[in-house]
Amino acid sequence: MKLTAAAAAAGVARTYGQNATQTATSAARVIAPGPFEATWQSLVANYKTPDWFRDAKFGMWAHWTAQCVPEQGDWYARRMYIQGDRDYDYHVKTYGHPSKFGFMEIDNLWKAEKWDPARLIGLYKRAGAKYFFGLANHHDNLDMYDSTHHAWNSVNVGPKRDIIGTWAKVAREAGLRFGVTNHASWASRWWQPAYGYDGEGPLAGVRYDAYTLTKADGNGKWWDGLDPQDLYTGNSVKMPDGLSSAAAVRAWYVANTSLARSNPMPSDSFCENWYQRCKELVEKYQPDVLYFDTNELPLGQAGLDVVAHYYNLSAARNGGRADVIVNGKHILPEHVGAFVEDIERSTANAIRPDPWQTDTCIGDWHYNRALYTENRYQTVGTIVGMLTDIVSKNGNLMLNIPLRGDGSIDEHEETFLAGLTAWMDVNSEGIYSTRPWKIYGEGPSTTARPTTRGLGRGAAPAYTSQDIRFTTKVDTLYAFVGAWPESGIVLIKSLGTESPQLSGAKVTSVSLLGSDGKLTWTQGAQGLSISLPDKPPSEHAVTLKIQGVPTA
């Protein structure tokens, strides 16, 4: 029977999208003893964000997997199986049809031959990072560490190296805190297009590699002993035969295999395997941060079990106090405090009482050659504006610099890091170990609606000399001025003598970070007016150091 795009989508809507509250449980799981039980109530009641994370403010990330090999950007391993997608077209042209050359073959092509982790960590540290994240697994379900619960890992396949173990050693030797990111809880739905087929063309109806390959097929090949079904997770949502166009195929994928909170829970065996892999990850590498790319925590009870185990392991090493961070997304109000919320490619619109984090990238998460050749990475000025805004609101920024498949970064990324290093060398005093002031800032940008999922990818509004962001440290107030004023004068309205934030307090000292000259300033009812030197001490935002005003 031939199915149209509309019929395919309608059929899916009736069949799936249920069991949203289903959870995966296992009575056999053993959680380390300690103050944390595997319940939301216990996590909220017993967890407190450690000060080291609040002081660090800025981290960097290598979002690096075999998906960087084609250099086509994000989600290549899924999109190469969707006829009509540009990644499908690229894959067919470059490697062959997905029925003959599936993504597992890209895993084998990934050799990381130019990877120099010590040099990269050195660059990240000089650019101001206080912590570093390595990607432990993505939706493509390849573990980047020496996993005993999943044979498809970077020690057995591709680079033949323990990527996470190497990152951890090098980062810690450089004095950085080390974190891991876990994205594999989505794999069972994300991989389903690999079991599909073309809706039209000369190979219409021919199933892709995941649908046909078995462990026995690997005899005598590079993947001898590995079962492709362990990588591709099994055909849990089968595309019906008879879709007769690329549009119908795409409609079926959208309706059946999208990643959403309302998805059915994966199988118990998948959840248990994910749990064992993640449990081993935190036990073997003892990361300071465990980041989940999910709504709240992954896979129901499995996620709660891992987090309680992780917190208790840390508490046992630190006198009963968990000294680690868990990141998750879209936290429900009743769960605030259980972990540190992460906001992907966006920011908060106000000061949050609890610490939080933005994760973003100067380009795509996975390396995209087009962004390099067209010079379309985000600028240092844009990222500096994000950093000052985020820190002023009690947040941290975690920034990804995409690596090529071979493990190197390009010259535009090198230039970006050099520019960020130069800015941090002058201005980081107002970033590290600071806390929010009474208000986060002033200026036109404070009334603009925050960009959602565009920061770090699309163009962000440029800050002006009227856009100010505040941080505090002990008795010092720092004011980041978003751009150098053409007039040479900055007016900070929030520091006027009649400002409600000052309660009559008088400014006693104003200096400019990176400048030895004495500033001329006056404080009146309209604000604090500061005359700046002829030249800025750094590009992009500059930082005023102000004393005499209440900081608490």
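Q: How do α13 and α14 lie to each other, roughly parallel or roughly antiparallel?
A: In this predicted model, helix α13 (residues 268-285) and helix α14 (residues 301-317) have axes 10 Å apart and pack at an angle of about 15°. Axes are lines fitted to C-alpha atoms, for helices over the stretch in contact, and angles between N-to-C directions run from 0 to 180 degrees. Angles under 35 degrees count as roughly parallel, over 145 as roughly antiparallel, 65 to 115 as roughly perpendicular and the rest as oblique. The relation of α13 to α14 is therefore roughly parallel.

Q: Which pLDDT do side-chain atom pairs need in order to count?
A: Residues are numbered from 1 along each chain as its sequence is written, and side-chain values use heavy atoms, with hydrogens and water left out. In this predicted model, totals for chains, interfaces and linings use all residues, local features need pLDDT of at least 70, and side-chain atom pairs count only at pLDDT 80 or more.

Q: How many charged residues are in the contact of α13 with α14?
A: Contact means heavy atoms within 4.5 Å. From α13, Cys271, Trp274, Tyr275, Cys278, Lys279, Val282 and Glu283 take part, and they meet residues of α14 including Asp305, His309 and Leu313. Ala, Val, Leu, Ile, Met, Phe, Trp, Tyr, Cys and Pro count as nonpolar, Asp, Glu, Lys and Arg as charged, and the others, Gly among them, as polar. The contact of α13 with α14 has nine nonpolar and two polar residues, and the number of charged ones is three.

Q: Is histidine 309 buried or exposed?
A: Histidine 309 is found in helix α14. Leaving aside its neighbours within four places in sequence, histidine 309 is in contact with Val30, Ile31, Ala32, Lys279, Val282 and Glu283. Buried means under 20% relative accessible area, exposed over 50%, partly exposed in between (1.4 Å probe, protein chains only). Its relative accessibility is 4%, so histidine 309 counts as buried.

Q: Which residue in β16 is the bridge partner of threonine 476?
A: Strand β11 (residues 476-481) and strand β16 (residues 542-547) pair in the antiparallel sense over six bridges. In β16, the bridge partner of threonine 476 is glutamine 547.

Q: Which residue in the hairpin of β10 and β11 takes a positive phi?
A: β10 and β11 pair in the antiparallel sense over six bridges, and phenylalanine 470 stands opposite alanine 479 of β11. The hairpin has two residues between the strands, and a positive phi near 55° is taken by valine 474.

Q: How do α7 and α8 lie, roughly parallel or oblique to each other?
A: Pro117, Ala118, Leu120 and Ile121 in α7 meet Thr166, Trp167, Val170 and Ala171 in α8. These contact residues divide into seven nonpolar, one polar and no charged. The axes of α7 (residues 117-126) and α8 (residues 163-173) come within 9 Å and cross at roughly 50°. The relation of α7 to α8 is therefore oblique.

Q: How many charged residues does the contact of α7 with α17 have?
A: The axes of α7 and helix α17 (residues 411-427) come within 8 Å and cross at roughly 40°. Arg119, Leu123, Tyr124 and Arg126 in α7 meet Glu414, Leu417, Thr421 and Asp425 in α17. By class, the contact of α7 with α17 has three nonpolar residues and one polar residue, and the number of charged ones is four.

Conventions. Helices (H or I, at least four residues) and strands (E, at least two) are DSSP runs, numbered from the N terminus. Two strands pair if DSSP finds at least two bridges between them.
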